[in-house]
Amino acid sequence: MVDVNALPPIAERRDIDRETLFAALTETTEPLVIRGLAADWPLVGRAGESAAAARDYLLGFYRDAPVTTFVSEAGTGGRIFYTEGLAETNFTQVKRSLSDVFRELAELEGVEDPRTLYVGSAAVDQYLPGFRAQNFLPDPPNGMTVRIWIGNRTTVAAHYDVLDNVACVCAGRRRFTLFPPDQLENLYIGPIDFTPAGQQVSLVDFDEPDFERFPRFAQALEHAQSAVLEPGDAIFIPSMWWHHVQGLERFNILVNHWWREARSYMGPPADVLLHALLNLRDLPPAQRDAWRGLFDYYVFGPHDRATAHIPEQRRGALGELDDETARRIRAMLRNNLNR
């Protein structure tokens, strides 16, 4: 078993409020726990009274749209994962009324080994209109997406998000265990196109890691950071950092805020990875090496190295991108893929 209490703590601050939040985050590329950031939210206050009060508060905003709910039977320990051998996922996804989910969560609070109920990544503005007016963080320059996560005890395996994230714990406690992006190889990541919830995840069971099967996980732990957040606390998870998240109580609520420091015409970088798997991975080694050089030259190297010798009006896709150039590139890609 991994002793998360022995892992180095995630850095934390208590002097950041809503007004100073994004200015403070521009100064770091590392994870940061922000104690008390959402302590004055009405939802946090109602959850401090009782789980029932928190549920009633949320239902005051709810407009009856069915929410996607992860459901697994007792015995999984709340782990949102696969069955043996990755044959299938160990849960089903169903559309249910939030009122019904809350009713069953209340019934399960007294059960020692309950089935898992988990409302994951529900868009706040869609399902709880008006919630953000009372429980808010200011928008960063490019705007943000706000999602809510509600359930009993759950464990979400280590995964990454493309977006930057400030997650606010509103009910219950949550433990976050984070790894920098360069620990990818040591986390033993599962399939790209068969995932529990959209993102590929670590196959290591953090509660009972099998170091014979996953020996490099010991190296990953040398770079891990961990923290337990109380209601009202928040955590900044930078883009591409791996995070393993556990809801520790019988009733837990998290509200996260995703945003991206990228221009509006940019699509998901994961699309590039899929395209590379399709068109580059199985080339002969010499050709792969040549393409690695092209990517270093055109994408990862200094911008002007590939363009300084080309007249500006002829740089095209190599020049400064804007919406019009991005549309032309996407049209070229669509034409090529449809051949």
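Guide: Begin with the elements: helices (H or I, at least four residues) and strands (E, at least two) are DSSP runs, numbered from the N terminus. Arg35, for example, is placed in the loop between strand S2 (32–34) and helix H2 (42–49). The model is predicted, and local features need pLDDT of at least 70, side-chain atom pairs count only at pLDDT 80 or more, and totals for chains, interfaces and linings use all residues. Residues are numbered from 1 along each chain as its sequence is written, and side-chain values use heavy atoms, with hydrogens and water left out.

Visitor: Is Arg35 buried or exposed?

Guide: The terms rest on relative accessible area: buried is under 20%, exposed is over 50%, and partly exposed lies in between (1.4 Å probe, protein chains only). Arg35 has 15% relative accessibility and therefore counts as buried.

Visitor: With which side chains does the side chain of Arg35 make polar contacts?

Guide: A polar contact is a pair of N or O atoms within 3.5 Å; within protein, one must be able to donate a hydrogen and the other to accept it, and residues adjacent in sequence count only if both atoms are side-chain atoms. The side chain of Arg35 has such a contact with the side chain of Glu12 at 3.1 Å, and another with the side chain of Asp233 at 2.7 Å. For contact in general, the criterion is heavy atoms within 4.5 Å. Beyond its neighbours within four places in sequence, Arg35 is in contact with Glu12, Arg13, Arg14, Val228, Leu229, Glu230 and Asp233.

Visitor: What does Leu105 touch, not counting residues up to four places away in sequence?

Guide: Leu105 touches Leu117, Ile150, Gly151, Asn152 and Phe251. Leu105 belongs to helix H4 (residues 98–108) and, at 1% relative accessibility, counts as buried. Leu105 and Arg55 are 50 residues apart in sequence, while their C-alpha atoms are 9.9 Å apart in space.

Visitor: Which residues have a positive phi although they are not glycines?

Guide: Among them are Asp64, with a phi of about 70°, and Leu86, with a phi of about 60°. Asp64 sits in the loop between helix H3 (51–59) and strand S3 (67–72), and its 59% relative accessibility makes it exposed. Leu86 is in the loop between strand S4 (79–80) and strand S5 (92–96); with a relative accessible area of 25%, Leu86 is partly exposed.

Visitor: How many aromatic pairs does the structure hold?

Guide: Rings of Phe, Tyr and Trp (its six-membered ring) pair if their centres lie within 6.5 Å; planes under 30 degrees apart count as stacked, over 60 as edge-to-face and the rest as tilted. The structure holds 19 such pairs. One of them joins Phe179 and Phe217, a tilted pair with 6.3 Å from centre to centre and 50° between the planes. Phe179 lies in strand S10 and Phe217 in helix H7 (residues 217–221), so this pair ties together parts that are 38 residues apart in sequence. The relative accessible area of Phe179 is 0%, which makes Phe179 buried, and Phe217 is likewise buried, at 1%. Phe217 also forms a tilted pair with Phe206, at 4.9 Å centre to centre and 45° between the planes. Phe206 is in the loop between S10 and H7, so the pair with Phe217 ties together parts eleven residues apart in sequence. Elsewhere in the list of aromatic residues, Phe70, Phe91, Tyr118, Trp149 and Trp258 form one cluster.

Visitor: What volume does the second largest pocket have?

Guide: On a 1 Å grid over the protein atoms alone, a pocket is an open set of points where a 1.4 Å probe fits, with protein on both sides within 12 Å along at least five of seven lines; lining residues have an atom within 4 Å of a point. Grid points are joined across faces, edges and corners, and a volume is the space filled by probe spheres set on the points. Here the second largest pocket has a volume of about 640 Å³. Of its 29 lining residues, Trp149, His159, Asp161, Ala197 and Trp258 are the closest to its centre. Strand S8 (154–159) is among the elements that give two or more residues to the lining, and S8 gives the most, with four residues.

Visitor: How do the residues of this lining divide?

Guide: Ala, Val, Leu, Ile, Met, Phe, Trp, Tyr, Cys and Pro count as nonpolar, Asp, Glu, Lys and Arg as charged, and the others, Gly among them, as polar. The lining has 17 nonpolar, ten polar and two charged residues.

Visitor: Where is His159 placed?

Guide: His159 is in strand S8 and is buried, at a relative accessible area of 12%. A polar atom of its side chain lies 2.9 Å from the backbone oxygen of Ala157. Apart from neighbours within four places in sequence, His159 is in contact with Gln199, Gln200, Val201, Trp241, Trp242 and His243.
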